[in-house]
Amino acid sequence: MFDPRVLDPGQEIVSLAGIPPHEIDQIVELLRAMRAWREADERMSEASRRYMKLGDTDMRALRFIIAGQQNGMRVTPGAIAAHLGISTASTTKLLDRLAAAGHVRRLPHPSDRRSVIVEVEDQTRRAARDSIGRTHGRRFDLAAQLTPEQRDVIIRFLHDIAATADDLAT
């Protein structure tokens, strides 16, 4: 429930002064819609992780490797570690898991004999494209239907909302 009329009837946290009731209803509905989107996104991510039998960090690594490959990058374990913010030892364990599950392969680096590159197996790339990729494609199409002005408002709003989480961290 995101209704300050229920959660904060004394208006100790949220002042409703000067906001007409129909606008308060709309604000509450906006917050409910954001919550519904976040929950749907979490369900989609969880379903993908379950389907591929992977954890969150493993999925983030796969997305990074796929994006790198699609952009002609040679993805190294060091690049993966930097992207994920984890140690090289943790990256080695992560790649061992992904390779054992048949999601990635390690290949000799073509110009650095001391290094390897990591590539995603074709069946994993197809599974990611057919599930998450299609959903992201539909999201892009929805965003494309908005006017540039509407997108600017939403972008600003979402950045401001994200910054509220930073307030708790400090």
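**Notes on the predicted model**

1. Residues are numbered from 1 along each chain as its sequence is written, and side-chain values use heavy atoms, with hydrogens and water left out.

2. On to overall form. The protein chain has a radius of gyration of 21 Å, whereas a compact globule of 170 residues would be near 15 Å; the radius is taken over C-alpha atoms, and the globule rule is 2.2 Å times the number of residues to the power 0.38. Along the principal axes, the C-alpha atoms fill a box of roughly 70 × 35 × 30 Å. Of the 170 residues, 24% are buried (buried is under 20% relative accessible area, exposed over 50%, partly exposed in between, with a 1.4 Å probe and protein chains only).

3. Secondary structure: the protein chain has 7 helices and 2 strands, and the pattern along the sequence reads α-α-α-α-α-β-β-α-α. These are DSSP runs numbered from the N terminus, with helices being H or I of at least four residues and strands E of at least two.

4. The largest nonpolar core holds 20 residues, and Leu62, Ile65, Ile80, Leu98 and Val104 have the most contacts inside it. Such a core is a set of buried Ala, Val, Leu, Ile, Met, Phe, Trp, Tyr and Cys residues joined through side-chain atoms within 4.5 Å. Two or more residues each come from α2 (21–52), α3 (56–70), α4 (77–84), α5 (88–100), β2 (116–120) and α6 (122–144). The largest share, 6 residues, is from α3.

5. Now for Ile80. Leaving out residues up to four places away in sequence, Ile80 touches Ala61, Phe64, Ile65, Val75, Thr91, Leu95 and Val118.

6. The axes of α4 and α5 come within 9 Å and cross at roughly 110 degrees (axes are lines fitted to C-alpha atoms, for helices over the stretch in contact, and angles run from 0 to 180 degrees between N-to-C directions). The two helices, α4 and α5, are therefore roughly perpendicular; under 35 degrees counts as roughly parallel, over 145 as roughly antiparallel, 65 to 115 as roughly perpendicular and the rest as oblique. Pro77, Ile80, Ala81 and Leu84 of α4 meet Thr91, Leu94 and Leu95 of α5. By class that is 6 nonpolar, 1 polar and no charged residues, with Ala, Val, Leu, Ile, Met, Phe, Trp, Tyr, Cys and Pro as nonpolar, Asp, Glu, Lys and Arg as charged, and the others, Gly among them, as polar.

7. What about α2 and α3? Their axes come within 10 Å and cross at roughly 90 degrees, which makes α2 roughly perpendicular to α3. Ser48, Arg49 and Met52 of α2 meet Asp56, Met59 and Leu62 of α3, a set of 3 nonpolar, 1 polar and 2 charged residues.

8. Two residues are worth a look. Ser48, in helix α2, is buried at 8% relative accessible area; beyond its neighbours within four places, Ser48 contacts Met59, Ser131 and Ile132. Thr124, in helix α6, is buried at 3% and touches Met52, Leu62, Gly102 and His103, not counting residues up to four places away in sequence.

How values were computed. Predicted model: local features only at pLDDT ≥ 70, side-chain atom pairs only at ≥ 80, totals over all residues. Contact = heavy atoms within 4.5 Å.
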